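This report looks at aromatic rings and at one helix in a protein chain. Please have the structure open while reading.

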Amino acid sequence: MQNWNQLSNLSRPRLHALDGIRGLCAIAIMLYHILLWNGVALFQIGTFGVYLFYVLSGFSLWYVYAHRAVTFDLLKTFFTARVARIVPLYLAVCLLIVVLRFYTAGASNVFNADFISRFLLNITFLFGVALPQKSSIVPGGWSIGVEWVFYLSFPL
C-alpha cells in the first residue's frame, strides 16, 4: 500500500472532456453577452454557463489537488499561477476603463467617491466580497471577483 507522501507526488491524467465542456460554457457566456448587447434576451444560457463553469472548475481543482498534502510550496505554486493568470490582465482592463470613462464621460465621472471606492475594490480584488455585480467596474468582471473569493477559500 502506498503512503500519503507517495500519493502526493503522483499526477492525474488531464480530463480533456472537462476542458471541452468548460470551453462550451465560455462560448455560451460570450453568446449570451453578444445577444444581450444586441437587445436579444431570449434565454439565460450565459447564467447557466457561469454556474456550470464554476462547478466544473471546483471539480477540476479537487481532481488535481485532493490527493496532495497541503503544504506551503503547494499553496505558493497554486496562488502564483492564479495571480500570474488573472491579475495583470484584469489590472490593465481596470486602467483602460478609467481612461475610457475619463474621455467619454469626463473627469467628474472618474474623480468621485463612488467610482474611486469601486476602483480601489477592483484593483485589490476585494470587490468579490462586496456585491461583485454592483462594485465591478469591468463589464462582466464580477465573475473574476467571485472566482478570486473561491481561490482564496481553496486552502480550506
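Tyr65 and Phe78 are both buried in this predicted model. A residue counts as buried when its relative accessible area is under 20%. Phe59 and Tyr63 can be judged in the same terms. Tyr63 has 15% relative accessibility, so Tyr63 counts as buried. Phe59 has 38% and therefore counts as partly exposed.

**Aromatic pairs**

A pair of aromatic rings is described by the distance of the centres and the angle of the planes. The structure holds 14 aromatic pairs. Two of them are set out here.

| Pair | Centre to centre | Angle between planes | Arrangement |
|---|---|---|---|
| Phe59 and Tyr63 | 6.1 Å | 25 degrees | stacked |
| Tyr65 and Phe78 | 5.5 Å | 85 degrees | edge-to-face |

Why is the pair of Phe59 and Tyr63 stacked? The planes of the two rings are at 25 degrees, and planes under 30 degrees apart count as stacked. Both residues belong to helix α3 (residues 45-65), and because they are four residues apart there, about one helical turn separates them.

The pair of Tyr65 and Phe78 is edge-to-face, with 85 degrees between the planes; the cut-off for that label is over 60 degrees. Tyr65 lies in helix α3 and Phe78 in helix α4, so this pair ties together parts that are 13 residues apart in sequence.

Tyr65 and Phe78 also belong to one aromatic cluster, together with Phe79, Tyr90, Phe125, Phe127, Trp148, Phe150 and Tyr151. The ring of Tyr151 has a charged residue over its face: Arg82, at 5.4 Å from the ring centre.

**Helix α7**

Helix α7 covers residues 142-153, twelve residues in total. From its first C-alpha to its last, helix α7 reaches 17 Å, close to the 16 Å expected at 1.5 Å a residue. Which residues of α7 are buried? They are Gly145, Glu147, Trp148 and Tyr151. These residues cover an arc of only 165 degrees around the axis, so they are on the same side of α7. Among the elements that cover them are α3 and α4. Two of these buried residues, Trp148 and Tyr151, are members of the aromatic cluster.

**Confidence**

The mean pLDDT of the chain is 84, and 92% of the residues score at least 70. Where in the chain is confidence lowest, and where is it highest? The lowest mean, 42, is in helix α1 (residues 4-8), and the highest, 93, is in helix α4 (residues 72-105). Over residues 1-9 the pLDDT stays under 50, and the model has ten contacts for this stretch beyond four places in sequence.

Definitions and conventions: Residues numbered from 1 in each chain as written. Predicted model: local features only at pLDDT ≥ 70, side-chain atom pairs only at ≥ 80, totals over all residues. Heavy atoms only, no water. pLDDT = per-residue confidence, 0-100. Helix = DSSP H or I, 4+ residues; strand = E, 2+ residues; numbered from the N terminus. Contact = heavy atoms within 4.5 Å. Phe/Tyr/Trp six-rings, centres within 6.5 Å; stacked < 30°, edge-to-face > 60°. Buried < 20%, exposed > 50% of the residue type's maximum accessible area, 1.4 Å probe, protein only. Lys NZ or Arg CZ within 6 Å of the ring centre and 35° of its normal. Expected span 1.5 Å × (residues − 1). Arc of directions from axis to C-beta.
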